Amino acid sequence: MDHGGGIRREGRAVLDRRLYLHLATWLGQWPAGPGLHVVGSWRRARPAWDGRLRPAVAVRVDGSAVLSVPPRRVEAVRALAEGPRSALYEALPAAVGQPGWVVHDDVFRWCLAPAALPDIGGWTTPTDPALPPWLHLFDSEVLVVRDADGGYLAGVGIKRHDAYGHELAVGTVPAARGRGLARRLVAQAARRVLDEGAVPTYRHDPANAGSARVAEAAGFPDRGWSSCGVYPP
């Protein structure tokens, strides 16, 4: 399987299967028919990869969406889903037990063939005190680029949602932006995720043009998929 220049037909089938298994596991159901489908999943009532709750998560594509909530909240959310989306968004945090939280939309991307960019970072423990606090949240190695003096420039963490789908998060210090570090790190990390048997995913705010450019350059096209979730404000 060629992760850089392309993927054989049989390899593509395997990776599509991984994406399906990730979404079915992460959400509790996949795929879905037209419209919005509210499903219950025990994962919404337990801490996620960083030890924090994700009480509602949804993925949308081609006119259908699966909204995953705690099992005991399903009926209340289904009742809300019969109304307009704006009303659902406004009431959803309280309906899943977090009235002070907010609903946030993202572009949802996934990658089958990372861009053939050269590796640039090194893997290190997330407990390294030289790393920024956001990388300390991860429970496995993070990918980091440093300057000539060992100072942090950019890094990627992997959110291992389940055995089949691993989401990448990237950050670059302001002084190092514009050098192409983020795209190379994301492509490098995506190759590792594929080698581990999962499919790499990438989510970002629709208004974050910089993050969108990184994703495109690293091999994560915008296929028209989106996601949303209930998060702390």
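Tutor: Let's start with a rule: two strands pair if DSSP finds at least two bridges between them. Strands here are DSSP runs of E with at least two residues, helices are runs of H or I with at least four, and both are numbered from the N terminus. This is a predicted model, where local features need pLDDT of at least 70, side-chain atom pairs count only at pLDDT 80 or more, and totals for chains, interfaces and linings use all residues. Residues are numbered from 1 along each chain as its sequence is written, and side-chain values use heavy atoms, with hydrogens and water left out.

Student: What makes strand 4 and strand 9 a pair?

Tutor: They are joined by 4 bridges, and the rule asks for at least two. They run antiparallel, and Val107 stands opposite His204 in strand 9.

Student: How do you know that strand 8 pairs with strand 9?

Tutor: Same test: 3 bridges link them, in the parallel sense. His166 has Pro200 of strand 9 as its bridge partner.

Student: Why is Pro200 called buried?

Tutor: Buried means under 20% relative accessible area, exposed over 50%, and partly exposed in between, with a 1.4 Å probe and protein chains only. Pro200 has a relative accessible area of 0%, so it counts as buried.

Student: What does Pro200 touch?

Tutor: Contact means heavy atoms within 4.5 Å. Not counting residues up to four places away in sequence, Pro200 touches Arg109, Trp110, Cys111, His166, Leu168, Ala190, Val193, Leu194 and Phe220.

Student: What makes strand 9 mostly covered?

Tutor: The count: 6 of its 6 residues are buried. Val199, Thr201 and Arg203 point one way, Pro200, Tyr202 and His204 the other way, and all are buried.

Student: Why is Lys159 called buried?

Tutor: Its relative accessible area is 16%, so Lys159 is buried. Lys159 lies in strand 7. Leaving aside neighbours within four places in sequence, its contacts are Trp49, Phe138, Gly165, His166, Glu167 and Ala169.

Student: What makes a set of residues a nonpolar core?

Tutor: A nonpolar core is a set of buried Ala, Val, Leu, Ile, Met, Phe, Trp, Tyr and Cys residues joined through side-chain atoms within 4.5 Å. The largest one here has 23 residues, and Val156, Leu168, Leu181, Leu185, Val186, Tyr202 and Phe220 touch the most other members. Helix 4 supplies the largest share, 8 residues.

Student: What makes a space a pocket?

Tutor: On a 1 Å grid over the protein atoms alone, a pocket is an open set of points with protein on both sides within 12 Å along at least five of seven lines, while a cavity is a set where a 1.4 Å probe fits but cannot get out; lining residues have an atom within 4 Å of a point. Grid points are joined across faces, edges and corners, and a volume is the space filled by probe spheres set on the points. The largest pocket has a volume of about 1,200 Å³. Among its 48 lining residues, Lys159, Glu167, Ala169, Val170 and Arg203 are the closest to its centre. Strand 8 gives the most to that lining, with 6 residues.

Student: How does the lining of the largest pocket divide?

Tutor: Ala, Val, Leu, Ile, Met, Phe, Trp, Tyr, Cys and Pro count as nonpolar, Asp, Glu, Lys and Arg as charged, and the others, Gly among them, as polar. That gives 22 nonpolar, 10 polar and 16 charged.
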